[in-house]
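The structure is shown first.

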Amino acid sequence: MAIPLRLKSCAVLMTLLPAIATAAGWRGDQHSGALQFTATQAGAKFSGHFGEFKVKFDFDAANPAKGVLDVAIATASADTADRERDELLHGRDFFWAEHFPQATYHAEGFKPDGKAWVAIGQLTLRGVTQPVTVRFELKPKQKRLGMKGGAALRRLEFGVGQGDWTETNWLADPVDVAFDLSLQPDTAAASP
Amino acid sequence: MTVRSKPARYGSVAQALHWVIVGLLIVQFTLAKVADHLPLGPDKVGTLARHKSVGITILMLAILRLAWRLFDPPPPLPPMPRWQATAAHVTHFAMYALLFAMPLTGWMMSSASNYPVSWFGIFQLPDLVGPDHDFKEALEDIHETFFNILATVAGLHIAAALKHQFIDRDGLLFRMLPWRSR
């Protein structure tokens, strides 16, 4: 039985090698795709998007536990297509963009889940850091890497909605985040 | 009172639809005025959400009412000068048109401002148009103008009904009331 075993590990190595060779850093921003959020007001879902964000993604399918995902989002770039609501969203009761201009997400290590990958990272929003699970699928396309997924979070865990807005009858607590990106190779990170 | 209309009186269904819509229009006006004076907060979102739900209810009732009217035509107008009959028809037509136009422009306003409509939190309505700030502002003016026209036309309608009842004393008001005329 020794020979087949050796053959097997050989085969594993063979499949690993190209993966290691292509393992790389990726990056993206608002020009790479969309980063959206969907909230519920008075029983109706509405969506908005962030007009300014940056993504850094180091990933090796052969060693997903070593992968890193970093996202930085300009909170003042939240856009819901309604000026009055956007002002409110950027203001003190919600993102307080003046005081907390950035929201960040940092995850280390990914676990496979079917065709998708799952990460439990830390989201820092309005000065509060909480674990948030992100689930995404990867799809290589030529020189780019498609990354599509999302997360479900609760706005009140981060203090998004102060004062009257802590009630959830007219503005629900759960908020869904979705992204659909086409990342490009991070050439700067490729050099050691 | 019968379900269907008779020459001397509207039937119970037509009467119920008439008065329920009258009641809802008063609720609608009140909710809009209250929301107008609130700062953007949960109370305003809630009040406007109710306004939208009631508006969609009026739209559904208007559809039902028009369908019922086709099935059960209203009683003929009592004898009156020709210009008055014409005025009555024009007034009725305008009120029907506005019962559709007001909810529809309101619904479009909600879509244009990316505040989708939910009917009492039970189901969400599709957006009629995409988010568009300028279009929303224009719709807001139109919605308000339609309200002003509706208020004027309804005022004429009420004045005419009262004139028939109390000056002509032809008992016209009882055509739309469940009680006996004498």
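The cover over the buried residues of α4(B) includes α3 (82-112) of chain B. Those buried residues are Lys136(B), Leu139(B), His143(B) and His164(B); buried means that 20 or more other C-beta atoms, placed from the backbone, lie within 10 Å of a residue's own. Helices are DSSP runs (H or I, at least four residues) numbered from the N terminus.

This is a predicted model, in which local features need pLDDT of at least 70 and side-chain atom pairs pLDDT 80 or more, while totals for chains, interfaces and linings use all residues. Residues are numbered from 1 along each chain as its sequence is written, with chains lettered from A and ligands numbered from 1 in the order written.

Helix α4 (residues 133-168) of chain B has 36 residues and should span 52 Å at 1.5 Å a residue, so the 51 Å between its end C-alpha atoms agrees. The expected span is 1.5 Å times one less than the number of residues. After α4(B) comes Arg169(B), with a positive phi near 50 degrees.

A nonpolar core is a set of buried Ala, Val, Leu, Ile, Met, Phe, Trp, Tyr and Cys residues joined through C-beta atoms within 7 Å.

| Core | Residues in core | Members include |
|---|---|---|
| Largest | 52 residues | Phe57(A), Leu183(A) |
| Another, apart from it | seven residues | Leu31(B), Val54(B), Ala62(B), Leu99(B) |

Phe57(A) and Leu183(A) have the most contacts inside the largest core. Leaving out residues up to four places away in sequence, Phe57(A) touches Trp26(A), Leu69(A), Met147(A) and Leu183(A); contact means C-beta atoms within 7 Å.

The contact between the chains takes 18 residues from chain A and 16 residues from chain B. Helix α2 (residues 42-71) of chain B gives the largest share of chain B's side, four residues.

Terms used
Contact = placed C-beta atoms within 7 Å. Helix = DSSP H or I, 4+ residues; strand = E, 2+ residues; numbered from the N terminus. Buried ≥ 20, exposed ≤ 12 C-beta atoms within 10 Å, placed from the backbone.
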